Structures are given as structure tokens and as C-alpha cells.
Amino acid sequence: MSTAAQARVRTRRPWTPSQIVLTLLGAAVSAVFLAPLAWALFTSLKPETEAVEVPPHWLPEEWTGQAWSAVLESGEFTSRLVNSPVVSVCVTAVVLSVSALAGYGFARTEFRGKNALLALVMAGLMVSPAVLGVPLFTTVQQLGMVDTYWGMILPQCAPAAMVYILHTFFRGVPRELEEAAFLDGAGRWRVFFTIVLPLSRPSLAAVGIFTFISSWNDFLWPYMVTNNPDLMTMPNGIATVMNSYGIQWAQLMAGGLLAGLPLIVVFVFFQRQIVAGVAHTGLAGQ
């Protein structure tokens, strides 16, 4: 055994009771969160007749991929797998642009009625999206955007919470950096694009990820504004299939797992940006 390995063995300490308790508690909490995913996966691998048996059982008695084949071979599923990224990416791009410009404007510029306008924007945090469903639908209908991508995208681009997050971050950017650029002859737009935005990448990443996840999971608004099956997103498509053909539990679980897989991938690859963004915007204690 090498000297380094012997040193590691000598310095390894036994677990304390508090570490054991915390580890067991963490394992229990993880099991609670992972249990629904495991149940959905095992149910999707059962035949439909076995998926509705009472009492239910965890592991399939007959392992089959019929539910996955039925979901993947459906032509409507392919269109929904395209619609969800299109809508979510467009919403994310618009929200990032609007939130960054509005947040910086409120944080760094002075104009008449600024406080009142900021209070009006922040009031949007207290209004439930469900309350705005009917007036929004009436507006979209009058504009002729029912059953269109724009009808699904634009009403999701009123980012009061995201404006608040970026406004909070921009207020923490040292003014000295901007003043030095102003002295060198840079204008407001150049300062914004060359200094402020590069410094705000963690917060922008967090806002983009939160917006993408929220738009991907949005069920109510796309369900209200879309009747065309070719334009439906993943959550709406799953609900429509369930209503049209009865509850096919195995197919429902398979479709739900496929709909949630992109979000899991996003979180796994961007969890560092999410944590950094929350820390930089001061939301860790909220």
C-alpha cells in the first residue's frame, strides 16, 4: 500500500451519530421523491390489464414495452414533442429579453413614475394566472391568434417575477464599472451589452431555466387556446388522449415520463447555473 493510501486510511474517521442520522434522513427524503418516478416506470412496463389490478403491486408480473411502443408510434406524439420545445424556447427567449431590459431600466435609469410603474409590475406577482384566463382568451380571440403558436407564446411572456429577479441582481452590480465605461465614451446600450449582461450570466441562466420549465409544464393556457391536435403540447396531448380513449394507465405513465425527461436533463446539466443564479439574486433565503 502506498504512503498516500496509508495516510487516507489513518485519517478516515468513523461516522458520528449525527452524520448517520442525517444520512438516513436524506435517504428517506430521496426515497419519497423517487418513489412516484419508480411507480410510473414500473407501471409503464405492465400490460394495461395488469396496470389496473386491485390491489396494485410494484413490479410487473409480465414485463412488456407495449405502452412505450404505442406512445412512440403515435403520430400525434411526434408533433407534440416538437410543439413543446418550440413554445418553451420562444417563451424563454422573449422573457429573457423583456426581463433583462425592464430589470436594468428599473435598476439603473431614472424617469418620472418609475416607482409607480415598478409597483404595477410587482403587483402582477399577486395575481393568479387562472384569474386572467378569460380576459386573455378574449384578447387572443379578437386578435385571431386562437390555434396558433403566437396565441400560446405571447400570453406567457408577462414575466413580473423574472423582472424582479433581474432587477434585484442589477441593483447589486457596482456602479463604478458602468461609470468607468461612461467616462471612456460608452453609451447606455454598450454598457448594458458589454458589461452588465456578461456579469449577469448566472442570473440569466437561472431565469431562462425557470421560465423554460414553467412553460414546458404549463397546462391550462395551451389547453384553453388550442383545439388543433397538431398544435398541442405534451401536457395537453396526454390529457386529451386520456379523455378520448379512457384512462390507459400504462400509456399515461409512459407519456408522462417522456414529457418529464427533458426537464430532468435540463436540471442535471444546468443545476450549477440554477444554484449560482439563486445565490446571486438573493433568493436563497426566500
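Visitor: How do you know that the span of helix 12 agrees with its number of residues?

Guide: Happy to walk through it, keeping in mind that this is a predicted model. Helix 12 covers residues 201-217, which is 17 residues. The expected span is 1.5 Å times one less than the number of residues, so helix 12 should reach 24 Å. Its end C-alpha atoms lie 24 Å apart, and therefore the two values agree.

Visitor: Which residues of helix 12 are buried?

Guide: Ser203, Leu204, Ala206, Val207, Gly208, Ile209, Thr211, Phe212, Ser215 and Trp216 are. Buried here means under 20% relative accessible area.

Visitor: Why is leucine 34 called exposed?

Guide: Exposed means over 50% relative accessible area. Leucine 34 has 52%, so it counts as exposed. You will find this leucine in helix 2.

Visitor: What makes up the nonpolar surface patch?

Guide: Leu34 is one of its members, together with Leu37, Leu261, Ile264, Val265, Phe267, Val268, Phe269 and Phe270, and the patch has an area of about 860 Å². Two or more residues each come from helix 2 (17-44) and helix 15 (249-281). Helix 15 gives the largest share, with 7 residues.

Visitor: Why is aspartate 147 called partly exposed?

Guide: Its relative accessible area is 27%. Buried would need under 20% and exposed over 50%, so aspartate 147, at 27%, is partly exposed.

Visitor: Where is aspartate 147, and what is its phi?

Guide: Look in the loop between helix 7 (133-142) and helix 8 (149-153). Aspartate 147 has a positive phi of about 60°, although it is not a glycine.

Methods
Residues are numbered from 1 along each chain as its sequence is written. This is a predicted model: local features need pLDDT of at least 70, side-chain atom pairs count only at pLDDT 80 or more; totals for chains, interfaces and linings use all residues. Side-chain values use heavy atoms; hydrogens and water are left out. Patches are made of residues with over 30% relative accessible area and no salt bridge: like charges are joined within 9 Å, nonpolar side chains (Val, Leu, Ile, Met, Phe, Trp, Tyr) within 5 Å. Accessible areas come from the Shrake-Rupley method with a 1.4 Å probe; for residues, only the protein chains shown count as cover. A salt bridge is a side-chain nitrogen of Lys or Arg within 4 Å of a carboxyl oxygen of Asp or Glu. Helices (H or I, at least four residues) and strands (E, at least two) are DSSP runs, numbered from the N terminus. Buried means under 20% relative accessible area, exposed over 50%, partly exposed in between (1.4 Å probe, protein chains only).
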